[in-house]
Structures are given as C-alpha cells and as structure tokens.
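Have the structure open while you read.

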Amino acid sequence: QVQLVESGGGLVQPGGSLRLSCAASGSIFSINAMGWYRQAPGKQRELVVIITNGGSTNYAGSVKGRFTISRDNAPNTVYLQMNSLKPEDTAAYYCNALIRSTPGGPSRAYWGQGTQVTVSS
C-alpha cells in the first residue's frame, strides 16, 4: 500500500502565498514522478505541475512564474510554493505520484485526499 498525505492548504488573500506539501509512504521501490493537480467546483481536474525523478518539470501556463515545485527525495516529499495567488487559483489541490512498488513491477498512479486552497479577500 502507498499513501500520499497532503498538507498546507487554507484561506489566503489575493497576492498572498501558500506552501503545500505531499509526503509519500508505504510500499515504495521508486517514484517516477510526483506532482499536483487541482479541481475547482464544476470544472475538470487539471494539471498544475509535475516533476520527474530526473528533476524535469512541466507547469501549467496559468501558474508558470508564480508556482514552484520542489522535491526532497529522502522522505519522498514534494512541495508546491504558490506565490501571487489569484481568486482563480481557488480549488482542491491533489497530490499525484507515479510509483513502482517492486523492482521490475508496474508503475501505478496514486492520489492524495486533496487539500483546499481558497483565495479570497
């Protein structure tokens, strides 16, 4: 079993900052990629950013220059630093990880439970 535990969401005023974290634990042999998605009410879940085990990143255009993902391999944790937040960033943010649990085994996608980010004055 693999668990992804997110933290760091909350209420912030426009222009403010928040930092999300996501820790992966359990049966982990290797992590191919980790990242963040978000889903606003009435909208589809969308990619925010992913980071591969090689350090390559892919940001959504709407967050590029404002959000920064970083990764700490020792405790299998990723962080999302969100600056210059806008009301349209309001959503539930979900951590996602592509994890292989055994050598040579398949990689599977896992999701966290989500953390709410609300940007409002």
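Start with Tyr37: with a relative accessibility of 22%, this residue counts as partly exposed. Keep in mind that you're looking at a predicted model.

Now for its partner. Search the whole structure and you'll find one aromatic pair. Its members are Tyr37 and Trp111, with ring centres 5.0 Å apart and planes at 65 degrees; anything over 60 counts as edge-to-face, so that's what this pair is. The two residues are 74 apart in the chain, and the pair links distant parts of it: Tyr37 belongs to strand β4 (residues 30-39), Trp111 to strand β10 (residues 107-111). Trp111 is partly exposed too, at 40% relative accessible area.

Which residue has its charged end over the ring of Trp111? That's Arg45. Arg45 also lies over the face of Tyr94. Here are the values:

| Charged residue | Ring | Distance to ring centre |
|---|---|---|
| Arg45 | Tyr94 | 3.8 Å |
| Arg45 | Trp111 | 4.7 Å |

Next, the inside. The largest nonpolar core is made of 30 residues, and Trp36, Leu80, Met82 and Tyr93 have the most contacts within it.

Finally, zoom in on Met82. Leaving aside residues up to four places away in sequence, Met82 touches Gly16, Ser17, Leu18, Leu20, Arg66, Phe67, Tyr93 and Val117. Tyr93, as you saw, is another of the core residues with the most contacts.

Definitions and conventions: Residues are numbered from 1 along each chain as its sequence is written. This is a predicted model: local features need pLDDT of at least 70, side-chain atom pairs count only at pLDDT 80 or more; totals for chains, interfaces and linings use all residues. Side-chain values use heavy atoms; hydrogens and water are left out. Rings of Phe, Tyr and Trp (its six-membered ring) pair if their centres lie within 6.5 Å; planes under 30 degrees apart count as stacked, over 60 as edge-to-face and the rest as tilted. Helices (H or I, at least four residues) and strands (E, at least two) are DSSP runs, numbered from the N terminus. Buried means under 20% relative accessible area, exposed over 50%, partly exposed in between (1.4 Å probe, protein chains only). A charge sits over a ring if NZ of Lys or CZ of Arg is within 6 Å of the ring centre and within 35 degrees of the ring normal. A nonpolar core is a set of buried Ala, Val, Leu, Ile, Met, Phe, Trp, Tyr and Cys residues joined through side-chain atoms within 4.5 Å. Contact means heavy atoms within 4.5 Å.
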